[in-house]
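The structure is shown first.

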Amino acid sequence: MTTPDSTLAAVSARVLEELCFHWVDPDSSAHTGGIELACASVGFSGPWSGRMVVAIDKGLLSELAANLLGADETSEGDSTQALLELANVMCGNALPELDSVTSAFELSSPEIIDASSAQAAGSVVASAALDGGKIMIRLLRDPAS
Amino acid sequence: MALNILVVDDSSTMRRIIARTLGMSGLPIGDVHEALNGAEALEILAKKSVDLALLDLNMPIMGGLEALEQIRQNQSTRDLPVVVVSTEGSEPRIERVKELSAGFVRKPFAPENLVKAIVIAIGGRANDNA
């Protein structure tokens with residue numbers, strides 16, 4: 001059975017494969033304790049508004065950035081920019097599949113946020129953990145929308 | 001004759017990915033100009049000789065769709081081949097983009113798909129030697 005969580009996991013896995021050549025196993029029971037995470041958020045508006053939060057283990061993010069850029073080595077700035085683009089592409093691909101392909105959403109520029117903000121409570125539309133919890137994605141709906 | 005290309009995207013990562021794709025495409029690439037939004041793109045088009053634009057949609061200050069509409073309204077740029085490269089998934093919006101552009105490539109894209117869209121957009125110029 002397809003659920004919002006499984007749809008989000010599938011879309012996110014596809015983006016990671018196609019953008020970063022990184023194959024992942026969805027793992028909804030993952031624990032992230034002890035993992036240092038880098039987090040980004042993308043806001044959106046349209047039929048409803050909210051934000052997508054993407055959190056990635058910093059060590060893995062460096063690998064993803066290198067794959068994405070086709071570079072042997074990447075800087076911390078490269079990793080940050082790669083995370084922002086990953087969040088943007090994941091959000092843009094997830095919304096039509098979780099809502100409707102006829103719905104038009106406006107995405108705001110992605111931004112880096114604190115890991116504590118990524119855990120903030122909200123109305124969770126869908127949630128996915130990939131790669132043993134090294135990658136977490138949450139789609140949150142604004143309370144007023 | 002080399003192709004001068006304008007890459008319009010607010011993401012430095014995506015601009016690098018596109019530049020790398022262009023470099024490996026086998027196409028006769030000349031100057032690659034970069035703009036971070038639609039307004040910058042229009043400024044560059046007013047000053048530089050550009051043969052093809054690769055245009056994102058969701059950007060701050062001026063988005064790609066507004067820029068594309070202005071490109072089509074301006075006599076000096078109305079025939080410019082533009083390939084839209086975006087995460088856009090709204091079918092009505094994609095239809096509008098296709099009406100105004102020479103192609104649409106959805107992110108994430110395989111490099112060969114972007115090159116294919118460029119070749120279609122520029123037509124016979126893809127076979128010219130640099």
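## Helix crossing in chain A

The crossing of α1(A) and α3(A) is right-handed (the near helix is turned clockwise from the far one by less than a right angle). This is a predicted model, in which local features need pLDDT of at least 70, side-chain atom pairs count only at pLDDT 80 or more, and totals for chains, interfaces and linings use all residues. Residues are numbered from 1 along each chain as its sequence is written, while chains are lettered from A and ligands numbered from 1 in the order in which they are written.

The axes of α1 (residues 4-20) and α3 (residues 76-98) of chain A come within 9 Å and cross at roughly 140 degrees; axes are lines fitted to C-alpha atoms, for helices over the stretch in contact, with angles from 0 to 180 degrees between N-to-C directions. Residues making the contact include A:Leu8 and A:Val15 of α1(A) and A:Leu86 and A:Met90 of α3(A) (C-beta atoms, placed from the backbone, within 7 Å).

## Buried side of a helix in chain B

In α3 (residues 64-73) of chain B, B:Gly64, B:Leu65, B:Ala67, B:Leu68 and B:Ile71 are buried (20 or more other C-beta atoms within 10 Å of a residue's own, all placed from the backbone). They cover an arc of only 160 degrees around the axis, which puts them on the same side of α3(B).

## Contact between the chains

In the model, 20 residues of chain B are in contact with 23 residues of chain A. α1(B) gives the most to the side of chain B that touches chain A, with 6 residues.

Terms used:
Two residues are in contact if their C-beta atoms, placed from the backbone, lie within 7 Å. Helices (H or I, at least four residues) and strands (E, at least two) are DSSP runs, numbered from the N terminus. A residue is buried if 20 or more other C-beta atoms lie within 10 Å of its own, exposed if 12 or fewer, and partly exposed in between; C-beta atoms are placed from the backbone. The arc is that of the directions from the helix axis to the C-beta atoms.
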